[in-house]
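Hi,

Here is the structure I promised to send over. My notes on it follow below.

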Amino acid sequence: MIEIRKTTLNDLDRVMEIYDIARDFMARNGNPTQWGDGYPVRALIEEDIARGESYVMEEGGEIHGVFMFMQRVEPTYSKIEGAWLNDTPYGTIHRIATDGKIKRMFDKCVEFCLGITKNLRVDTHNDNIPMQKAIKRNGFTYCGVIYMLHDGTPRIAFQRQ
């Protein structure tokens with residue numbers, strides 16, 4: 001059974017391994033640029049942990065996945081080519097990655113996040129087809145295109161309410 005808990009600094013090496021695995025998977029599956037530059041960097045994950053927004057997914061004491069879940073305004077989402085479903089407070093899922101050993105980890109992440117708030121947002125790269133399928137399978141609605149603040153690259157954005 002998958003358990004989800006907050007990430008600790010002791011988990012950091014394993015978390016970074018999982019991001020390496022995810023980058024390799026994306027590159028092999030037609031999405032080499034979304035995280036191609038070594039994103040997310042260790043310092044960013046350390047910040048997520050310090051804010052209490054990083055979570056790991058584990059089974060039998062082994063970490064198989066990681067994600068960031070924030071319940072504050074996402075600055076990147078302030079401008080969208082399209083429209084969000086509503087403007088009420090929301091949670092945002094970012095930086096989800098798995099080691100590939102357990103299927104449908106995004107489903108488990110969404111279930112966990114829905115236990116905190118029923119209004120969720122997420123975005124992904126246009127080339128990240130596996131993630132788009134998982135997002136749609138979990139009842140999210142396409143809302144439009146947002147642009148990353150750090151480099152201006154586009155992402156397709158979804159919401160579930």
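Helices (H or I, at least four residues) and strands (E, at least two) are DSSP runs here, numbered from the N terminus. It's a predicted model, so to speak of local features we need pLDDT of at least 70, side-chain atom pairs count only at pLDDT 80 or more, and totals for chains, interfaces and linings use all residues. Residues are numbered from 1 along each chain as its sequence is written, and side-chain values use heavy atoms, with hydrogens and water left out.

First, the backbone. Pro 40 sits in the loop between α1 (12–28) and α2 (42–50), and the peptide bond joining Tyr 39 to Pro 40 is cis, with omega about -10°. Arg 95, in strand β5, has a positive phi of about 50° without being a glycine. Arg 95 is also buried, at 11% relative accessible area (buried is under 20%, exposed over 50%, partly exposed in between; 1.4 Å probe, protein chains only). Arg 104, in the loop between β5 and α3, has a positive phi too, near 60°, but is partly exposed at 48%.

Now the cores, meaning sets of buried Ala, Val, Leu, Ile, Met, Phe, Trp, Tyr and Cys residues joined through side-chain atoms within 4.5 Å. The largest has 23 residues, and Phe 67, Ile 93, Phe 106, Leu 120 and Phe 140 touch the most other members. Among the elements giving it two or more residues are β3 (62–70), β5 (91–98) and α3 (105–114); α3 gives the most, with 6. A second, separate core of 14 residues includes Val 15, Tyr 19, Met 26 and Val 66.

Cheers
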